[in-house]
Amino acid sequence: MINRRDLIKHLSTFPLLGGILGQSSLDPLSFTAKLPVRNLAKELGIRTFINAAGTYTFMTGSLMQDEVVETIQAASKDFMILDEVQTKVGEKIAALTHAEAAVVTAGCFSALTLGLAGVLTGMDSKKVEALPHLEGTEMKSEVIIQKGHNIGYSHALTNTGCTIVSVETLEDLEKAINEKTALMWFLNIQSDQGQIKHEKWIEIAKSKGIPTMIDMAADVPPVENLWKFNDMGFDLVCVSGGKAMRGPQSAGILMGKKNLIEAARLSMPPRGSTIGRGMKVNKEEILGMYVALDNFVKMDHKKEWKMWEDRIALISNAAKSVNGVTVATTVPELGNHTPTLKVSWDLAKVNLPVKTLQENLRNGNPSIEIMPADNTSLTITAWMLKSGEEKIVAARLKEELSKAVV
């Protein structure tokens with residue numbers, strides 16, 4: 001794990017970072033009595049819960065690592081030049097991910113929009129200011145996507161003014177490519193829903209001189225995916241920061257070819273009059289994202305995986321001890337690659353619709369969130385559980401299922 005002193009060492013070429021633990025930390029005015037931390041969730045009546053569901057945005061993703069929080073707090077004490085923060089952090093992220101360059105974005109969705117903006121405009125400031133109005137600019141205007149990959153996230157691409165062209169076969173792809181084609185986009189979590197696989201997608205794009213982008217928002221673990229697609233040859237790679245890496249929920253990473261990252265940054269804050277002006281990432285999030293990534297790359301992933309398996313096994317054993325209940329543990333190949341428990345039951349033996357079970361767990365104390373699968377099954381993951389919460393989930397799940405036994 002990296003501490004604040006190591007962070008300064010890692011970013012030693014960044015002169016402004018010294019201030020994080022520099023003069024302002026010695027300011028006599030900073031030595032004030034600490035006030036009690038307000039419990040705003042309780043104060044405002046906001047429900048908190050045990051997350052046995054997963055890294056869903058509507059559940060506020062994941063919980064930041066302690067070191068990420070410490071980094072954010074420390075960085076908040078000093079002023080820095082935003083571009084310098086992005087440049088220095090981007091260099092470190094690029095080195096970790098085998099990319100030529102990288103930048104921290106306001107989530108993965110933002111990375112998609114900004115990455116395509118960079119492809120469209122290059123370093124032409126007039127084109128940057130014109131987006132999303134492509135007409136009369138000589139910018140290209142079409143993005144090719146496989147039909148099975150077009151599940152809604154492509155809205156980030158149409159934000160630039162581009163239109164989506166859907167293809168299914170290699171023949172469709174060859175016909176779709178024309179002088180208006182700006183980008184060929186690939187959604188990794190849906191890679192099994194398209195006929196054209198990663199390598200072929202890249203091969204055709206390179207033969208036609210068209211940039212490629214892959215969205216791998218929820219595709220770590222495995223940690224190797226952080227550099228796999230850069231090594232494979234995608235020109236731009238986009239990933240969420242607030243899922244398995246446990247960085248800021250509002251942060252993501254855009255990485256890839258240096259010229260495209262530099263162009264994408266022209267549409268990012270602090271510059272105004274751009275489509276990305278509202279996609280602001282503060283210095284605290286940028287530095288926090290770097291620490292989260294660095295820790296994630298260096299952590300003992302086998303140990304982490306074993307912990308998840310043990311927690312799932314405990315919950316599984318509790319659930320299957322109820323008559324009429326069956327369990328199965330699987331690992332999704334694409335997206336949310338973590339041990340996932342499916343709990344199912346026979347309504348003739350356990351008279352409990354899944355929605356009722358979900359509400360009972362949600363309204364209990366402590367509140368627990370799971371994900372319904374169908375009317376008589378649910379899924380549970382353990383990677384967002386705090387230590388000891390697996391015992392609470394196991395006990396409550398068994399309790400609710402047992403009460404419904406016919």
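**Pocket, cavity and selected elements**

The largest pocket holds about 780 Å³ of space. Among its 36 lining residues, Thr55, Tyr153, Ala218, Lys243 and Asn336 sit closest to the centre. Two or more lining residues come from each of α5 (108–121), β10 (340–345) and β13 (377–381); helices (H or I, at least four residues) and strands (E, at least two) are DSSP runs, numbered from the N terminus. By class, the pocket lining splits into 18 nonpolar, 14 polar and four charged residues, with Ala, Val, Leu, Ile, Met, Phe, Trp, Tyr, Cys and Pro taken as nonpolar, Asp, Glu, Lys and Arg as charged, and the others, Gly among them, as polar.

This is a predicted model, in which local features need pLDDT of at least 70, side-chain atom pairs count only at pLDDT 80 or more, and totals for chains, interfaces and linings use all residues. Residues are numbered from 1 along each chain as its sequence is written, and side-chain values use heavy atoms, with hydrogens and water left out. Mean pLDDT (the predictor's confidence in each residue, from 0 to 100) is 92 for the chain, and 92% of its residues reach 70 or more. Over residues 1–26 pLDDT stays under 50, and the model has 53 contacts for them beyond four places in sequence; a contact means heavy atoms within 4.5 Å.

The whole structure turns up one cavity of 30 Å³ or more, and the largest cavity has a volume of about 30 Å³. On a 1 Å grid over the protein atoms alone, a cavity is a set of points where a 1.4 Å probe fits but cannot get out, whereas a pocket is an open set with protein on both sides within 12 Å along at least five of seven lines; lining residues have an atom within 4 Å of a point. Points are joined across faces, edges and corners, and a volume is the space filled by probe spheres set on them. Leu82, Gln86, Met268, Pro269, Met279, Lys280, Val281 and Ile286 line the cavity.

Glu142 belongs to strand β3 (residues 142–146) and is buried, at 14% relative accessible area (buried is under 20%, exposed over 50%, partly exposed in between; 1.4 Å probe, protein chains only). Its C-alpha lies 5.9 Å from that of Ile164, 22 residues away in sequence. Thr326, in strand β9 (residues 325–330), touches Lys342, Val343 and Ser344 beyond four places in sequence.
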